[in-house]
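Please look at the sequence and the fold side by side before reading on. The report below goes through some features of the backbone, the sheet and the helix contacts.

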Amino acid sequence: MSYVSSRLAAVKPSASMAASQAAKALRAKGVDVIDLGLGEPDFPTPMHIIDAAHFAAKAGQTLYTGAAGTPEVREAVASKFRRENGLDYTADDIVVANGAKQIIFNALMATLEAGDEAILPAPYFVSYPEMVKLLGGTPVLVECPETTGFRLAPDVLEKAITARTKWLFLNMPGNPSGAVYSEADLKALGAVLARHPQVLVLSDEIYEHILFDGREFVSFGKACPELKDRTLIVNGVAKSYAMTGWRVGYAAGPAPLLKAMSTIQSQSCTSVCSIAQAATVAALNGPQGEVARFRQAFEARRDLVVVGIRKINGLTLSPPEGAFYAYIGCASLIGRKTPKGVVLEDDAAVANYLLNEGRVASVPGVAYGLSPYFRISTATSEEVLTEAIARINGAVAQVE
Ligand SMILES: Cc1ncc(COP(=O)(O)O)c(C=O)c1O
């Protein structure tokens, strides 16, 4: 007998979680591994947010909430969109879910018919194609090479759209590349989309606060207001407020889509944890100083990694414009031999070699749809990053 449905058969587990598991397995055997696989801020959640959670629990906010979220959290999200992004949404236009991931899952479940296509500019967040497949859709992978800044160009988008296209996914700053779209870039994509009214846009803006070199964030919704009735803005508190484990994501979008997403939520998980929702209100409405401090630390780490990696013969790295990853090019290692005589056939072999010989866990580019690269997370201390770069350097230097 099979325990697994045909729907699940095509779906892979998360590659970044797998890299992290492999690192943990080596550590359990006593090997000293640096895990740069998973992307989550290493800072503690700011104390005023934790205090708000305590307060909410003690005050009896311990019951189920409405499926779309408490009135307070939806109001806090709507005012965040107004204040930070210049977007005109009310609390009725907002839903919260257990992470941005669940928002995306619910949106796809609400909309995809079998065979509907979702355009995924590659490199993409590892979960996008797997969710699309799980929900009966067809991921359409569109390579966005480093030469175009890892950004989707309007003519490439135009060619990828068909009568079956249901969604275009955008993610900025991007995981894993750190690529950011300017307002002009977004308007140019919007002009293409205006000609294809069947296409919805999912703009994943979860890294919006982690932007470098003085860049200003422009939401897709702000750049293309004419597409408001087919745009879902996805965001969450995980990355900006060091709240990955609290599991709160949120979205703004057209009412019929949000209603469908709420129905799914009401029949699957009922609601997001009431205490985590109270913490989210404190995060969004409270002081924002920590967000700026985290951003600065991420920029210093980005600088350290760019300088360190670029010194390594055989690796390349375009400076990431945001987020907390480095998507490192390893084309010149492919086809070469490790000291044990193993040919590095692809970036999965490179990541494997770096794990076993360099003792650094990374995620191969194949998981993000654009090779040959590997991704490291830079969301760790400068000391750990310095040591990781030295180890990567030592391992790469031994490749013949
Ligand atoms: C682009 C992108 N979207 C969404 C998520 C998940 O966010 P959440 O923790 O809110 O589910 C991640 C996490 O790595 C991400 O990189």
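In which loop is Pro372 found? Pro372 is found in the loop between strand 11 (363-364) and strand 12 (373-377), where helices (H or I, at least four residues) and strands (E, at least two) are DSSP runs, numbered from the N terminus. This is a predicted model, in which local features need pLDDT of at least 70 and side-chain atom pairs count only at pLDDT 80 or more, while totals for chains, interfaces and linings use all residues. Residues are numbered from 1 along each chain as its sequence is written, and side-chain values use heavy atoms, with hydrogens and water left out.

Most residues other than glycine have a negative phi, and most peptide bonds are trans. Ser371 and Pro372, however, are joined by a cis peptide bond with an omega of about -5°. A cis peptide bond also joins Met172 and Pro173, with an omega of about -15°, and Pro173 has its place in the loop between strand 5 and helix 8 (183-194). Phe150 is not a glycine and yet has a positive phi of about 60°; the loop that holds Phe150 lies between strand 4 and helix 7 (154-160).

## The annotated domain

An unreviewed UniProt entry carries the annotation "domain: Aminotransferase class I/classII large" for residues 32-392; UniProt positions are given in the numbering used here, feature names are shortened, and annotations may be inferred rather than shown by experiment.

Seven strands form an open sheet in the order 2-8-7-6-5-3-4, and their pairing is mixed; two strands pair if DSSP finds at least two bridges between them. Strand 2 (94-97) and strand 4 (138-143) stand at the edges with a single partner strand each, so one side of each is left without a neighbour in the sheet. Neighbouring strands of this sheet are turned against each other by 25° on average, direction ignored.

Strand 7 (residues 231-236) pairs with strand 8 (residues 249-252) in the antiparallel sense over four bridges, and Val234 has Ala251 in strand 8 as its bridge partner. Helix 10 (residues 255-268) lies across strand 2, strand 5 (165-171) and strand 7, running at about 30° to strand 2. Axes are lines fitted to C-alpha atoms, for helices over the stretch in contact, and angles run from 0 to 180 degrees between N-to-C directions, while contact means heavy atoms within 4.5 Å.

## Two helix pairs

The axes of helix 12 (residues 289-310) and helix 14 (residues 382-397) come within 10 Å and cross at roughly 15°. Helix 12 and helix 14 are therefore roughly parallel to each other, since angles under 35 degrees count as roughly parallel, over 145 as roughly antiparallel, 65 to 115 as roughly perpendicular and the rest as oblique. The contact involves Ala300, Arg301, Leu304, Val305, Gly308 and Ile309 of helix 12, together with Glu382, Leu385, Thr386, Ile389 and Ile392 of helix 14.

For helix 3 (residues 47-58) and helix 11 (residues 274-285), the axes come within 8 Å and cross at roughly 140°, and these helices are therefore oblique to each other. In this contact, His48, Ile49, Ala52, Ala53, Ala56 and Ala57 of helix 3 meet Ile275, Ala278, Ala279, Ala282 and Ala283 of helix 11.
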